[in-house]
Amino acid sequence: MEASRNELTKAETKLIQLIRSLGYGEIRVIVKDNAPIRIEEIRKSIQLTSEN
């Protein structure tokens with residue numbers, strides 16, 4: 001079942017809810033057949049050199 005352009009699918013709604021609750025961070029969205037199917041949240045990033 002395909003949602004119209006004005007309606008969000010369940011997966012799109014979940015994606016927006018996750019983004020709003022994230023606060024700060026980075027995510028990777030995996031898309032298949034024009035729809036988000038999986039989100040990978042980046043847990044930790046460690047900078048080893050300064051960018052001056």
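**Salt bridges and overall form**

Me: Why is Glu40 called partly exposed?
Reply: In this predicted model, Glu40 has a relative accessible area of 25%. Buried requires under 20% and exposed over 50%, so Glu40, at 25%, counts as partly exposed.

Me: What makes the contact of Glu40 with Arg28 a salt bridge?
Reply: The closest N and O atoms of the pair are 3.3 Å apart. The cut-off is within 4 Å, therefore the pair qualifies. Glu40 lies in strand β2 (residues 35-42) and Arg28 in strand β1 (residues 26-32), so that the pair links distant parts of the chain, 12 residues apart.

Me: Why are Arg28 and Arg38 classed as partly exposed?
Reply: Their relative accessible areas are 47% for Arg28 and 45% for Arg38. Exposed requires over 50% and buried under 20%, so both are partly exposed.

Me: How do you know that the span of helix α1 agrees with its number of residues?
Reply: At 1.5 Å a residue, the 13 residues of α1 (residues 10-22) should span 18 Å, and the end C-alpha atoms are 18 Å apart, so the two agree. Just after α1, Gly23 takes a positive phi of about 80°.

Me: How does the radius of gyration of the protein stand against that of a compact globule?
Reply: A compact globule of 52 residues would have a value near 10 Å, but the protein has 15 Å. The C-alpha trace spans about 50 × 20 × 20 Å along its principal axes.

Note on methods: Residues are numbered from 1 along each chain as its sequence is written. This is a predicted model: local features need pLDDT of at least 70, side-chain atom pairs count only at pLDDT 80 or more; totals for chains, interfaces and linings use all residues. Side-chain values use heavy atoms; hydrogens and water are left out. Helices (H or I, at least four residues) and strands (E, at least two) are DSSP runs, numbered from the N terminus. The expected span of a helix is 1.5 Å times one less than its number of residues. The radius of gyration is taken over C-alpha atoms; the globule rule is 2.2 Å times the number of residues to the power 0.38. A salt bridge is a side-chain nitrogen of Lys or Arg within 4 Å of a carboxyl oxygen of Asp or Glu. Buried means under 20% relative accessible area, exposed over 50%, partly exposed in between (1.4 Å probe, protein chains only).
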